[in-house]
2 protein chains.
Amino acid sequence: MRGRELAFSSIAELAGLIRSRRVSPVELVEAMLARVEHLNPQLQAYLTVTGELARAQARAAEAEIRRGRWRGPLHGIPIALKDNIQTGGIRTTAGARFLAEFVPAEDAAVVARLQRAGAVLLGKTNLHEFAYGVTTENPHYGTTRNPWDVHRIAGGSSGGAAAAVAAGLAFASVGTDTGGSIRIPAALCGITGLKPTYGRVSLWGVVPLAPSLDHVGPLARSVEDVAILLGAIAGWDRRDPASVRRPVSDFYAALQGRQSRGKPLRGLRLGLARNFFLAQVQSEVAQSFWAAVEQFAKLGADVVDVHLPRLADAEEAGTTISLAEATWAHQQAGYFPAHAEAYSAEVRKRIELGAEVRAVDYLVARERQRQLQNELAEVFVRVHALLAPTVPVVAPRPGTQVVVLAGREETVRTALLRFNRPSNLAGCPAVSVPCGFAEGLPVGLQLVGRWWEEAELLRLAHAYQQATGFHRQRPPLDA
Amino acid sequence: MRGRELAFSSIAELAGLIRSRRVSPVELVEAMLARVEHLNPQLQAYLTVTGELARAQARAAEAEIRRGRWRGPLHGIPIALKDNIQTGGIRTTAGARFLAEFVPAEDAAVVARLQRAGAVLLGKTNLHEFAYGVTTENPHYGTTRNPWDVHRIAGGSSGGAAAAVAAGLAFASVGTDTGGSIRIPAALCGITGLKPTYGRVSLWGVVPLAPSLDHVGPLARSVEDVAILLGAIAGWDRRDPASVRRPVSDFYAALQGRQSRGKPLRGLRLGLARNFFLAQVQSEVAQSFWAAVEQFAKLGADVVDVHLPRLADAEEAGTTISLAEATWAHQQAGYFPAHAEAYSAEVRKRIELGAEVRAVDYLVARERQRQLQNELAEVFVRVHALLAPTVPVVAPRPGTQVVVLAGREETVRTALLRFNRPSNLAGCPAVSVPCGFAEGLPVGLQLVGRWWEEAELLRLAHAYQQATGFHRQRPPLDA
């Protein structure tokens, strides 16, 4: 198993081969670096390729494993990191021009955890400038292209992280999600992305966007691989004020449990909030979504309608909180106004708008956030998760400003954020999995789960992936 | 024991007499109502006297106790409530003109708890309009007078609650404290007042001032009586989003424990933050404070210097948070701008200022609050409590705008809030106890304790009261 075959293997699969020394981490990293060299110029997924570091880490992993010390399923696995996650000694641009040469002294908490797990760092991936946008059209570092069609965007802000994984240029990556920035590119690139519960994964060492909505989480090609990553990066961190001390289960092992044949989801109830999650959705996307709903019913889940009127507040509340907190965070970091001239006009405008937000409006938004949390908490007494499309459209072309859905014009930004923001506001976990294709482009299905119940959420998503093959489809990129 | 003697008895003492039927709750309430009728016209402590209700509650208590059902130390004890605490069927003005006829449908959570404890409600006490000020010079309902000198203010915002207790017009009262509103009038009136840990006592049914800084707490003449009240009002409440589920100990019983003779505080360490709590203090106040420090040392406590540079941020951060949240709360409640014309110019101005606060400045203030919390948490590893003056001055005369301290002019408002705000921002408990007299007026000592350690804090304060007699001094009012 070499080359393209190897590049699209799952971590779950590779881990066994590495442990039993049938695959060498050194060969693996060489194969991946060759792919990156070949494909990254057109995809612009990576901003920085850490080839020498990756080779050294792979050699160290190989030596350790030879000595009988296998650290676990990430040992020797090449992964990528979104470039707003600080890496000690490796430049971390956050997608900003004036940080092109910024080399942090220390690793972010998640980076240290991944290193302890034995992962190999291939490089740092492209993102929307400061993660403050959803298209990864980065005026300083280029537009990340969608592996399914390089004339389409990968989505954002973790666009490079998603494209790298989708194109077989990394086995997994870690991104950030403030309003959908993991799930949006996961959906548009046909991979699996998880925004964990707020407080589950440390934000320490990650360039903040809007601290009360920021989340760090994994992107991979399957739920199993996402579970492996989550197990490595989750855990309490004293240095992150938002971090919560909660037991971390072995999320991957939890997926391997009893699956009653045919109806593995019997006894689970899934909610549909039609008033919100089905308004203004591109018809082919809606078709894939409904087929997925049917699939969940076939798997034994009970699909019921739920009433969540407060979802309608998410857009305005999310915008107000993001605007204010992002400007505050940029001021705190000394980025703005010191480097105002080096920002793209788009992001600078948002930072300037954030300075105008009044505290009373921010407090109104926070109150709406609380009300949404309460409403969801009540619904989650009855249902185990909500089903929704991740985004209402397939990947747009670069430069697209607006889309027309159900006869209504909407900005691409608003359209891509719409179904994602509620779980950033609520802080509950949400995962996007591929659920079909429209116009030859991937469609994403979103499962929104109960606080701290990532294991349950991943079990639902895994059952779906076992029954379907969408996540195993490969982009035509290097066919 | 009748009349004045009875009126100044402690709850701890009276409880035994009521339980053994040597004191009748009905006689007790009559004696108190007679005192209120006699003294309230000059003090303006009560806004509403609930004579008929009090008599009915006293009769019910007496009947219950006769039947052998004694509810505990508050059974049959006449108390008062600050008039921003909602009482079902009894008008609750919040000190505002346009709420003069407002009769809530339901009791606040603390009122329901006090009723379950068998307390008798004498009435609702005067406050600074909307609790938004520290002098209780209320243009709509009059200025509450200090029982030690009716030509002085009682302080605020819980001015009526403190004056009533100090003058023997109630055995205890419940007030609110957003920046010092329990401790300031407790200090100026020579009584004991506790701001509990944030989240300890439900805010449900209390007119909000600045929700993230608001606290409900007891005022009484001794630490023992404060402990009895706290035991009755503390406890988790689902309806208050700030409420925290924590075990409620019997705070009163905890005071009766082992007291090693002579050195009851041996092994306890108390911190002095000289950089902050001793700057700009009236010299006679400082003298009383230092005598108290000496007293604590005599009781066996180890008094050490602590470094808390972040205390200096408390004033600005507290002002910003209060301004923004108060305006938001008044807008939410529908008070402002609907009734803008009915506000005093002073409070209306603050509400208008609050509308101008920018979200980024609010977020900066919240960040400073977190930093102060962290700094205090580190100090509280080493010390059990901090010692400070409650306020740097004795009670000013009505109409006083500025005081001059150490040659620097300062508004009365700023001076009275200065030492109190830090524990509202931090959320840690703080108690004020009388520690002497200056110009014939009471001086208050403040003990700031560890989060959730009210029992420890009260034990310290109780040991001090057992060794000194300041809390037993009575105002010359009806001598």
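In chain A, Pro337 lies in the loop between helix H12 (314-332) and helix H13 (345-356). In this predicted model, a cis peptide bond joins A:Phe336 and A:Pro337, with omega at about 5°. Chain B shows a cis bond from B:Phe336 to B:Pro337 with omega near 5°, and B:Pro337 is placed in the loop between H12 and H13 of chain B. Most peptide bonds are trans, and most residues other than glycine have a negative phi.

| Residue | Phi | Place | Relative accessibility |

The relation between the chains comes next. Chain B can be laid on chain A with an RMSD of 0.0 Å by a turn of 179° and a shift of 0.1 Å along the axis. This is the relation of a two-fold axis. The same surface serves both copies, since 100% of the contact residues of chain B recur in chain A.

The contact itself takes 18 residues from chain B and 18 residues from chain A. About 1,500 Å² is buried between the two chains, and carbon and sulfur atoms give 70% of that area. B:Trp328, B:Val360 and B:Leu363 supply 38% of the area that chain B buries against chain A, more than any other three residues. On the side of chain B that touches chain A, the elements giving two or more residues are helix H12 (314-332), helix H13 (345-356) and helix H14 (359-382) of chain B. H14(B) gives the most, with seven residues. By type, the residues on this side of chain B divide into 10 nonpolar, four polar and four charged. Between chain B and chain A there are zero salt bridges, while four residue pairs are in polar contact.

A:Ser423 is placed in helix H16 (residues 421-426) of chain A. Its relative accessibility is 3%, so A:Ser423 counts as buried. The side chain of A:Ser423 makes a polar contact with the side chain of A:Arg183 at 2.8 Å. Leaving aside neighbours within four places in sequence, A:Ser423 is in contact with A:Arg183, A:Lys195, A:Cys428, A:Ala430, A:Gln446 and A:Val448.

Methods:
Residues are numbered from 1 along each chain as its sequence is written. Chains are lettered from A and ligands numbered from 1 in the order in which they are written. This is a predicted model: local features need pLDDT of at least 70, side-chain atom pairs count only at pLDDT 80 or more; totals for chains, interfaces and linings use all residues. Side-chain values use heavy atoms; hydrogens and water are left out. Contact means heavy atoms within 4.5 Å. Buried area is the accessible area (1.4 Å probe) that two parts lose on being put together, summed over both. A salt bridge is a side-chain nitrogen of Lys or Arg within 4 Å of a carboxyl oxygen of Asp or Glu. A polar contact is a pair of N or O atoms within 3.5 Å; within protein, one must be able to donate a hydrogen and the other to accept it, and residues adjacent in sequence count only if both atoms are side-chain atoms. Helices (H or I, at least four residues) and strands (E, at least two) are DSSP runs, numbered from the N terminus. Ala, Val, Leu, Ile, Met, Phe, Trp, Tyr, Cys and Pro count as nonpolar, Asp, Glu, Lys and Arg as charged, and the others, Gly among them, as polar. Buried means under 20% relative accessible area, exposed over 50%, partly exposed in between (1.4 Å probe, protein chains only). Copies are superposed by least squares on the C-alpha atoms of residues with pLDDT of at least 70 in both.
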